[in-house]
Amino acid sequence: MGRLTKALAITAFFAAIGNSFTHGFNTGVLNSPEFLIKDFLNVSTQAHYGIMPSEKLIRFLWSFSVSIYLVGGCAGAFSAGFLADRFGRKKALLMMIVPGLIGDALFGFCKLANSMEMLIAGRFIIGFSCGAGSGLVPMYLTEIAPVNIRGAMGVLHQLALTIGILISQLLGLRQILGREETWPLLLACSAVPFISCVCVLPFYPDSPRWLLVKKGNEEEAATALQKISR
Ligand SMILES: *[C@@H]1O[C@H](CO)[C@@H](O)[C@H](O)[C@H]1NC(C)=O
């Protein structure tokens, strides 16, 4: 019978923060600043292409910005299995934070650069990151958890995701970050959980199952198992 050790709890918490939470956040974050971003798409299209976009075009660009996240997500989800086996659950998860942060940087500067292309590219890239994470986090969590708490561990992913959506709605309120000057910052906010995950997760072990079965490294697997069960 395993128990929830401190190492296990910290690993699970930061894995969920670093990806499940950000996934939820990016799913919901465009809701509140919809009209601000539509204005931005309008202005940015005029500046870059010298045309006055019709309402239809703006609506198209808006839908495109929202949904390309899912296209990136599909690509990421397809890559998750390969990445997880090739690099290990934890390392793959950490690697996926790189595109996540690139996406956040693109969001943060898109208004400054007056570039809707940056917004759209950022949505695709961060979608890739979060899509891959949806495969990686549950895999990692269920593999490091002892059998008797495995179910509870798997649920963490969904829980963190929902909390991410909630927080994105709260931060998106006009009184907080849902304003004309601050919406790029709102979108870039998921950099905070990404970075907190990068600061903590490297010090915790990868899945013992992966180390043993895929990598064939008995010693490392034993060390990892010891670390998380102490
Ligand atoms: C786009 O912006 C211009 C002002 O630059 C405005 O006159 C126009 O109504 C806007 N278009 C839409 C569809 O909101």
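Predicted model: local features only at pLDDT ≥ 70, side-chain atom pairs only at ≥ 80, totals over all residues.
**Exercise 1. Where is the kink in α3 centred, and what follows the helix?**

Solution. Start with the bend: α3 has a kink of about 40°, centred on A80. The bend at a residue is the angle between axes fitted to the seven residues ending there and the seven starting there. Residues are numbered from 1 along each chain as its sequence is written, and side-chain values use heavy atoms, with hydrogens and water left out.

Next, take the span. Helix α3 covers residues 55-87, 33 residues in total, and its first and last C-alpha atoms are 46 Å apart, close to the 48 Å expected at 1.5 Å a residue. That expected span is 1.5 Å times one less than the number of residues. Helices here are DSSP runs (H or I, at least four residues), numbered from the N terminus. Finally, look just past the end of α3, where G88 takes a positive phi of about 100°.

**Exercise 2. Which parts of the chain does the salt bridge between R89 and E143 tie together?**

Solution. First find the contact: the side chains of R89 and E143 meet in a salt bridge, 2.9 Å from N to O. R89 belongs to helix α4 (residues 89-95) and E143 to helix α6 (residues 116-144), so this pair links parts that are 54 residues apart in sequence. The criterion is a side-chain nitrogen of Lys or Arg within 4 Å of a carboxyl oxygen of Asp or Glu.

Now check the surroundings. R89 is buried at 2% relative accessible area, and E143 also counts as buried, at 15%. The classes are buried under 20%, exposed over 50% and partly exposed in between (1.4 Å probe, protein chains only).

Then follow E143 onward: E143 forms a salt bridge with R209, with the closest N and O atoms 3.3 Å apart. R209 sits in helix α10 (residues 208-214), so its pairing with E143 in α6 joins parts 66 residues apart in sequence. R209 is partly exposed, at 44%.

**Exercise 3. How many salt bridges does a search of the whole structure find, and which residues join into one network?**

Solution. The search of the whole structure finds seven salt bridges. One of them pairs R179 with E181, the closest N and O atoms being 3.9 Å apart. R179 is partly exposed at 26%, whereas E181 is exposed at 54%. Elsewhere, salt bridges that share partners connect D85, R89, E143, R209 and K214 into one network.

Methods:
Helix = DSSP H or I, 4+ residues; strand = E, 2+ residues; numbered from the N terminus.
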